[in-house]
Amino acid sequence: MNDNTRLVRAAVAAPITAVLAIGVMLSALDLVAWPTPVNWVAATGGIIAVFMLYGAPVAFVIELLVGVPAYYLLRSRQRLAPVPIIIIGALAGGLTFTVVSAMILGSWEWVSAGMIGTVAGALAGAVFWRVGLHNRPQVPFLL
């Protein structure tokens with residue numbers, strides 16, 4: 001498999017992974033907040049379905065606005081290591097989740113929940129590196 005195919009697969013897998021991670025984390029928070037839901041399987045499936053429907057387009061737009069320029073910047077400086085990619089993903093995910101949740105809820109009370117977006121963004125960065133850039137001989141780990 002050539003590098004371009006791997007990068008396309010990584011570019012598709014990373015945002016979907018982030019959206020699924022947010023859905024799973026919110027489902028887990030839902031189960032903690034309401035420990036005896038009527039049907040927790042349906043509630044979890046509903047949360048994940050809603051996030052796939054509305055969150056995936058946002059994730060792909062953020063990937064185009066932040067991820068693609070960051071990839072080319074890191075590639076031009078020959079710094080395609082996992083740590084910078086994961087940090088950029090975490091920052092983009094945290095900021096995006098905080099801003100979008102504040103816009104949807106109409107207040108900034110959910111700023112602390114930006115950690116969910118940060119974890120999902122870091123996971124997306126890790127998936128992007130693993131699928132698209134892993135096993136390249138010139139890739140150092142930290143820098």
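**Pocket and helix contacts**

Tutor: In this predicted model, the largest pocket holds about 1000 Å³ of space.

Student: What makes a residue part of the lining of the largest pocket, and how many residues line it?
Tutor: A lining residue has an atom within 4 Å of a pocket point. By that test 45 residues line the largest pocket, and Pro-15, Ala-18, Val-58, Ala-59 and Ile-62 lie nearest its centre.

Student: Which helices supply at least two residues each of that lining?
Tutor: Helix H1 (3–33), helix H2 (40–76), H3 and H4 do. H2 gives the largest share, 17 residues.

Student: How is the lining of the largest pocket divided by class?
Tutor: It has 33 nonpolar, 10 polar and 2 charged residues. Ala, Val, Ile and Pro count as nonpolar, so the five residues nearest the centre, Pro-15, Ala-18, Val-58, Ala-59 and Ile-62, belong to that class.

Student: How do you know that H3 and H4 meet?
Tutor: Contact means heavy atoms within 4.5 Å. Residues of H3, including Gly-89, Gly-93 and Phe-97, meet residues of H4, among them Gly-121, Gly-125 and Trp-129. By class, this contact has 11 nonpolar, 9 polar and no charged residues.

Student: At what angle do the axes of H3 and H4 cross?
Tutor: Helix H3 (residues 82–105) and helix H4 (residues 114–133) have axes that cross at roughly 145 degrees and come within 6 Å. Their crossing is right-handed.

Terms used: Residues numbered from 1 in each chain as written. Predicted model: local features only at pLDDT ≥ 70, side-chain atom pairs only at ≥ 80, totals over all residues. Heavy atoms only, no water. Axes fitted to C-alpha atoms, helices over the stretch in contact; angles between N-to-C directions. Helix = DSSP H or I, 4+ residues; strand = E, 2+ residues; numbered from the N terminus. Left-handed = near helix turned anticlockwise from the far one by under 90°. 1 Å grid on protein atoms, 1.4 Å probe; cavity = no way out; pocket = protein on both sides within 12 Å on 5 of 7 lines; lining within 4 Å. Points joined across faces, edges and corners; volume = space filled by probe spheres on them.
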